[in-house]
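User: Hi! I'm new to protein structures and would like to go through one with you. Can we take it step by step?

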Amino acid sequence: MPEVIFTGPAGRLEGRYQPSKEKSAPIAIVLHPHPQFGGTMNNKIVYDLFYMFQKRDFTTLRFNFRGIGRSQGEFDHGTGELSDAAAALDWVQSLHPDSKSCWVAGYSFGSWIGMQLLMRRPEIEGFISIAPQPNTYDFSFLAPCPSSGLIIHGDADKVAPPKDVQGLVDKLHTQKGITITQKTLPGANHFFSNDAELLLEECADYLDRRLAGELSDPRPKRLR
């Protein structure tokens, strides 16, 4: 798994990158939790998601947001981190111009950034949002949400209370043209302390079903 350094809006960004052998393989970007609360690209859930996509022959990238590890810059409350994510996707796409589709997976703070990236990049056709925090971050930009995806969280999450996540899911369920799949893990907290394996199994099952043509609206694919 090559260590990479690529140019971001605030300087160098550090990542781990695994290209697919297929030129036209889809791209997956995995986004880590909050930089000021210990979030890095080496978070175990982020690491496991990276390998989940890689095993399915995606060209896959995870990276450190600005100010983390060897990534330059300072924490920017989401605005700069969204720019980092866009720069990361640009960088992978520049190396894989034949790739036509992309997925984004984010955990906690990373899910908020990932959903914003989804709104700006029509080539993103699927998302996995782990433990999003609509009680902390504004998700009203999802009007409408342009792609089908998975929202997965624990019913013992005190950082992102289930009732707040449910409100976000209910709002997305009213939108036409997309299919939002929700999974709630019994007893799981925000860190999935004893449930990381189950979390990964659910994410992998969802991805496999999507790749088989299930769980999404059969609408025409959006073009870049």
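User: What is phenylalanine 63 in contact with, beyond its neighbours within four places in sequence?

Analyst: Contact means heavy atoms within 4.5 Å, and by that cut-off phenylalanine 63 is in contact with Phe6, Glu14, Gly15, Ile29, Val30, Leu31, His32, Met41, Asp84, Ala85 and Ala88. Apart from it lies another core, of 24 residues, including Phe53 and Leu199. A quick caution: this is a predicted model, where local features need pLDDT of at least 70 and side-chain atom pairs 80 or more, while totals for chains, interfaces and linings use all residues. Residues are numbered from 1 along each chain, and side-chain values use heavy atoms, leaving out hydrogens and water.

User: What makes something a nonpolar core?

Analyst: It's a set of buried Ala, Val, Leu, Ile, Met, Phe, Trp, Tyr and Cys residues joined through side-chain atoms within 4.5 Å. Buried means under 20% relative accessible area, exposed over 50%, and partly exposed in between (1.4 Å probe, protein chains only). The largest such core has 39 residues, and Ile29, Leu61 and Phe63 touch the most other members.

User: Which residues of α5 are buried?

Analyst: Leu199, Cys203, Ala204, Tyr206, Leu207 and Arg210. On the other side of α5, Glu197 and Glu201 are exposed.

How values were computed. Helix = DSSP H or I, 4+ residues; strand = E, 2+ residues; numbered from the N terminus.
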